Amino acid sequence: MTTPKPPMRAHSAVAQQLVGKVAQRWVVAGDKSDSAEGLGTDGRIALVHDLCDLGMTGWGILAECVVSGPGAWLGTSCECACTPLPSEAVEVQATTYPRQIEASGPFARVGMPNVTIPASAISFEPSFLPAGTTQFQVVLTNYNYLGANYTGTIKLSTQGAVNNVAPVEMVVTVGL
Amino acid sequence: MSTLRAILEMQGCLDTAVVVTQDPRVMEIVDAFLPDSSANSQWYQEIEAFMFRPGGDSGGEGDGPRTTADPVNALQDFQEGVVSGGPPPTPLEASRLIYGIGAVIHLTRTVQIASMPFSDPSADERGQSLLADVFALTGGQAFEQRAQFFSVDNIDVIAELFASQFNSWKDWIPVSQQLVTLGVLTQNAADIPLCNACVITYDGIQSVVVDSVLSSNQVSLNALKAVVDPRNWHDDDPSFFCAMQYEGLRTDGWRRVLETVGFCSYPTAISPRLVTMLKFFKTTVNPNGPGRYEARLDYELNDPFTTPPSDGKITVDHGFINMWTGDNGDPNQPPVYVRTRKVCHIDGLRPYTMKRFVCLSGYAFIVANMLFGSALNPDPNAVAWADSPNEQPSDLDEQPPGGSGAQAPPSDNSVASTAISMVAKCVEELTVKQFDLADKWMSGQLTVAELAQHSAEVGARIASEPWKFIQAITQPKGGGK
């Protein structure tokens with residue numbers, strides 16, 4: 001049996017988790033930076049990406065609670081026992097350097113080009129491609145778009161951490 | 001007699017046990033097999049009341065809505081349904097029924113209390129006889145030789161397996177493999193994953209989302225494409241998809257189909273149907289060179305909603321079936337990989353009950369029946385994947401102004417739009433600050449003071465943002481936005 005949450009408790013919990021996770025990332029990065037091998041380029045990129053990702057995730061959850069309507073404020077629907085799966089895996093060529101993934105623009109629904117997902121409602125799993133990784137999945141952070149195929153362009157880049165490597169764009173179609 | 005109703009009743013026994021005993025030990029075990037069931041009790045009688053008409057029992061005993069479930073009654077229903085000439089159970093049906101039997105036997109052998117509304121079906125002669133029949137059917141054995149396969153001793157071995165090793169849904173995979181060895185399940189049935197269903201809020205409506213990820217080493221992409229068109233769903237799963245009537249091409253390239261689902265073996269006077277006008281859209285990817293072949297089927301409620309003669313009971317119903325070969329695979333050769341998603345809401349059922357209904361009925365799992373049934377033995381009259389290029393849009397065109405793709409976008413009521421714009425703004429600001437900080441770090445200019453200030457800002461923003469939100473949504477924006 002689940003105990004209903006009082007109003008605002010869910011938001012407070014989300015906020016506390018977010019603060020905790022952000023702090024944890026900085027502490028871990030600080031420790032690494034102080035160590036003999038240092039944080040390194042990969043670590044810096046990972047740190048930035050993790051921080052962005054935490055911001056997106058935390059506020060995504062908060063927004064979901066809020067737009068769920070009065071039921072959410074009464075604690076009846078903010079928590080899911082499970083989460084819809086991310087998209088099928090998208091294959092990319094391996095590289096010797098890490099890459100950041102981002103949506104270049106909105107994703108359009110297959111067969112309904114007027115229905116689009118804003119890039120802000122799309123995230124990636126993993127959020128950052130370590131060197132040698134050849135797969136990622138697309139994650140929808142707004143369930144109002146759930147249950148259809150979408151086509152969009154994603155950009156793989158090094159955020160300037162590796163010289164002379166231009167960002168690569170590719171078109172993907174995924175079930176979300 | 002209905003295989004589907006037998007599966008419903010067998011799993012419904014768990015709900016009945018919770019309702020009747022109100023015993024925490026029973027609730028704990030039931031929740032281990034059907035998570036959150038005890039917190040949403042009476043879902044069994046809710047589905048019965050939804051799918052069967054009161055007073056509809058003139059056709060025979062038990063045809064009206066049932067309020068309590070009994071395992072022996074479920075076994076008898078299942079056995080009679082097949083013996084009286086019904087089709088043998090599909091791997092999906094066999095898997096779901098055996099899951100229910102295993103859970104019920106585990107429950108009755110683990111918690112022995114006087115208030116339990118039924119006893120262990122494997123403990124008496126009548127139950128043992130029915131179990132032998134049912135196991136023969138679910139295991140794909142010759143029905144005439146069931147007594148040889150499933151003696152009383154064998155039944156006891158199987159029941160003991162359920163009692164000692166089947167403790168929750170997490171044990172299903174190893175237990176189902178043992179059941180294959182014991183002849184109770186076919187390998188195809190054991191390969192079917194459990195129903196992965198969640199309740200989410202879609203466009204302000206609590207809906208069930210069901211995901212599945214499957215593959216087959218027996219079926220090719222082209223064999224699956226040959227049966228996957230929605231016009232074939234009645235042939236793929238005739239127990240629940242009573243009819244799929246084609247209603248023509250739309251001007252935007254989607255096609256309409258009138259879906260009729262329910263407990264098809266009962267007349268509509270006893271069990272009413274759910275009638276929904278859907279539209280669907282097929283896309284194919286054939287690589288020019290190395291790559292993988294892909295095919296995607298999207299489906300959606302036809303618009304405008306509701307399109308007559310839909311009954312309007314299903315108010316959310318969309319999803320996709322995505323299929324592909326391996327890298328550089330041959331579309332005419334196995335394996336094929338499949339991913340499906342279905343999002344639906346049925347008016348008149350609680351969210352948890354919807355979840356149980358969708359999982360029990362196989363509503364969101366029709367592709368399993370294709371992979372392990374119709375794609376292996378295709379009907380030569382099945383509607384092919386490729387449609388005629390000469391087909392013209394039909395007259396039944398009620399598409400909204402705006403032409404192709406003018407489907408209503410997701411809700412943008414004042415709360416949602418306010419929340420989204422605030423979130424976007426906040427994320428943008430925090431992200432910029434984080435990038436600035438990381439830049440300083442990389443150049444070795446980050447000071448402890450700056451880091452401390454940033455942490456304080458993040459904390460303050462997060463703490464105050466919900467209250468800002470409340471303030472923002474109380475401001476009238478006009479124009480209904």
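This is a predicted model: local features need pLDDT of at least 70, side-chain atom pairs count only at pLDDT 80 or more; totals for chains, interfaces and linings use all residues.
View 1. The axes of helix 1 (residues 3–21) and helix 4 (residues 71–83) of chain B come within 8 Å and cross at roughly 165°, which makes helix 1 roughly antiparallel to helix 4. On the side of helix 1 the contact is formed by Thr3(B), Arg5(B), Ala6(B), Glu9(B), Met10(B) and Cys13(B), and these meet Pro71(B), Asn73(B), Ala74(B), Asp77(B), Phe78(B) and Gly81(B) of helix 4. Sorted by class, this contact of helix 1 with helix 4 consists of six nonpolar, three polar and three charged residues.

**View 2. Helix 1 of chain B against helix 5 of chain B.** Here the two helices pack at an angle of about 25°, with their axes 9 Å apart, so that helix 1 is roughly parallel to helix 5. The crossing of helix 1 and helix 5 is likewise described as left-handed. Helix 1 contributes Thr3(B), Ala6(B), Ile7(B), Met10(B), Gln11(B), Cys13(B), Leu14(B) and Ala17(B), while the residues from helix 5 are Glu93(B), Arg96(B), Leu97(B), Gly100(B), Ile101(B), Ala103(B), Val104(B) and Leu107(B). Eleven nonpolar, three polar and two charged residues make up this contact of helix 1 with helix 5.

**View 3. The largest nonpolar core and Val358(B), one of its members.** Among the 145 residues of this core, those that touch the most other members are Leu146(A), Leu14(B), Val30(B), Leu224(B), Val358(B), Val367(B) and Leu371(B). Helix 5 (residues 91–110) of chain B gives the most to the core, with ten residues. When residues up to four places away in sequence are left out, Val358(B) touches Ala197(B), Val208(B), Val210(B), Cys344(B), Tyr363(B) and Ala364(B). In soluble globular proteins, nonpolar side chains tend to be buried together.

**View 4. Val180(B) in helix 9 of chain B.** Helix 9 spans residues 172–181 of chain B and includes Val180(B). Leaving aside residues up to four places away in sequence, Val180(B) touches Leu185(B), Thr186(B), Gln187(B) and Ala190(B). Val180(B) and Asn167(B) are 13 residues apart in sequence, and their C-alpha atoms are 18 Å apart in space.

Technical notes. Residues are numbered from 1 along each chain as its sequence is written. Chains are lettered from A and ligands numbered from 1 in the order in which they are written. Axes are lines fitted to C-alpha atoms, for helices over the stretch in contact, and angles run from 0 to 180 degrees between N-to-C directions. Helices (H or I, at least four residues) and strands (E, at least two) are DSSP runs, numbered from the N terminus. Angles under 35 degrees count as roughly parallel, over 145 as roughly antiparallel, 65 to 115 as roughly perpendicular and the rest as oblique. Two residues are in contact if their C-beta atoms, placed from the backbone, lie within 7 Å. Ala, Val, Leu, Ile, Met, Phe, Trp, Tyr, Cys and Pro count as nonpolar, Asp, Glu, Lys and Arg as charged, and the others, Gly among them, as polar. A nonpolar core is a set of buried Ala, Val, Leu, Ile, Met, Phe, Trp, Tyr and Cys residues joined through C-beta atoms within 7 Å. A residue is buried if 20 or more other C-beta atoms lie within 10 Å of its own, exposed if 12 or fewer, and partly exposed in between; C-beta atoms are placed from the backbone. A crossing is left-handed if the near helix is turned anticlockwise from the far one by less than a right angle, and right-handed if clockwise.
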